[in-house]
Amino acid sequence: MDFCTPTKKPGFYLIWGLQRNIFVKNPVSEPCGKNNFNGVLNEVKFRVLETLIASSILLSISSLSYAQSNQQDSTILPTGTYYSQGTMFNNSRREIAHKNNRICIKIVKGPANPYKGVEDITISSVSFQKGKFYIDATGEELILEKNGKVINSGRGGVWEYRGTSPDPRSQPIQAQKMAECVAAQGRYVQKMQGISISGIDFPKH
C-alpha cells in the first residue's frame, strides 16, 4: 500500500499585524486515497474555523474602538450650560445638547448688564468639518479650550461650562426646539425671542 509523505504545511493569517506558521502536530503517514482526502478536508475545515475566529476577534476590537470613540466624543462640548466670565454678559449664555453624536447649540444674546432688553435666541446644529466645529446658523467656528469645556467664539466671547443644570430663564419652547434640533438631520436653524430683561434704558446718542 502506498503511503503519503507527511509534510509541514505553513498556514498564514493576520491578527494584530502578526504572522505565524501553523504546523501539523505529530504527523503520521496515512495511506493515499480516501484517507488522504479526509485529511485534506479536515485541514480545510480547520482553516475555515481559524478564519471565523480571527474575524470575530477583529470585529470585537472594532466594536470596542467605536464605543471608546463615542465616549470620547461625549466629553467634547458636553451637554449643559456655558457662561461668560465677569458681569457684563450676565444676560447671555450658550447651551449645548447631544444625541447620537449630533450636537446643537443655543445662543442666547441678552442686553449687556445693567441695561434692559429682550433675549435674542438662535438654536442651531453644529457641523464637524476637517477637525473643527462650526455653527451652521452663522458659519462661525467654535474654538475649544480646556478639553472642550470652554468655547472661544472670538468676538462672541469666551464661554465656560458650568454643568448640566438648565438656566432658570430658559422657556419650555426653547427646550422643545433643542430636542428637535438634535433629532433632525442636516442643517437646523431656529430663531426666536426669549424673556424681557429688566434694567436701565440704554443711553441714546
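Predicted model: local features only at pLDDT ≥ 70, side-chain atom pairs only at ≥ 80, totals over all residues.
Student: How many residues does the largest nonpolar core have?
Tutor: The largest nonpolar core has 13 residues, and those with the most contacts inside it are L77, Y82, I96, I105, L142 and I151. Such a core is a set of buried Ala, Val, Leu, Ile, Met, Phe, Trp, Tyr and Cys residues joined through side-chain atoms within 4.5 Å. Buried means under 20% relative accessible area, exposed over 50%, and partly exposed in between, with a 1.4 Å probe and protein chains only.

Student: Which strand gives the most to this core?
Tutor: Strand 5 does, with three residues. Strand 5 (102-109), strand 7 (132-135) and strand 10 (158-161) each supply at least two. Strands here are DSSP runs of E with at least two residues, numbered from the N terminus.

Student: And the second core, what does that include?
Tutor: A97, C104, V108 and Y188 are among the 10 residues of that separate core.

Student: Back to Y82. What is Y82 in contact with?
Tutor: Leaving aside neighbours within four places in sequence, the contacts of Y82 include L77, I96, I151, W159 and Y161. Contact means heavy atoms within 4.5 Å. Y82 also stands opposite Y161 in strand 10.

Student: Which strands pair with strand 3?
Tutor: Strand 3 (residues 80-84) pairs with strand 4 in the antiparallel sense over three bridges, and with strand 10, also antiparallel, over three bridges. Two strands pair if DSSP finds at least two bridges between them. Towards strand 4, T81 stands opposite E95.

Student: Is strand 3 mostly covered or uncovered?
Tutor: Strand 3 is mostly covered, with five of its five residues buried. Strand 4 (residues 93-99) is mostly covered as well, with five of its seven residues buried.

Student: How many bridges join strand 4 to strand 5?
Tutor: Seven bridges join these antiparallel strands, and I96 stands opposite I105. Their hairpin has two residues between the strands, and N100 takes a positive phi near 50° there.

Student: Now strand 7. Which residues are on its covered face?
Tutor: F133 and I135 form the covered face, whereas K132 and Y134 form the uncovered one. I135 is the bridge partner of V126, and F133 stands opposite L142 in strand 8.

Student: What about the hairpins there?
Tutor: Strand 6 (residues 117-129) pairs with strand 7 in the antiparallel sense over four bridges; in their hairpin, which has two residues between the strands, K130 has a positive phi near 50°. Strand 7 and strand 8 form a hairpin with five residues between them, and G139 in the turn has a positive phi of about 75°.

Student: Changing topic, what lines the second largest pocket?
Tutor: Its lining has 23 residues, of which R94, I107, K109, E140 and G156 lie nearest the centre. A pocket is an open set of points on a 1 Å grid over the protein atoms alone, where a 1.4 Å probe fits, with protein on both sides within 12 Å along at least five of seven lines; lining residues have an atom within 4 Å of a point.

Student: Which strand supplies the largest share of that lining?
Tutor: Strand 5 supplies the largest share of the lining, four residues.

Key: Residues numbered from 1 in each chain as written. Heavy atoms only, no water.
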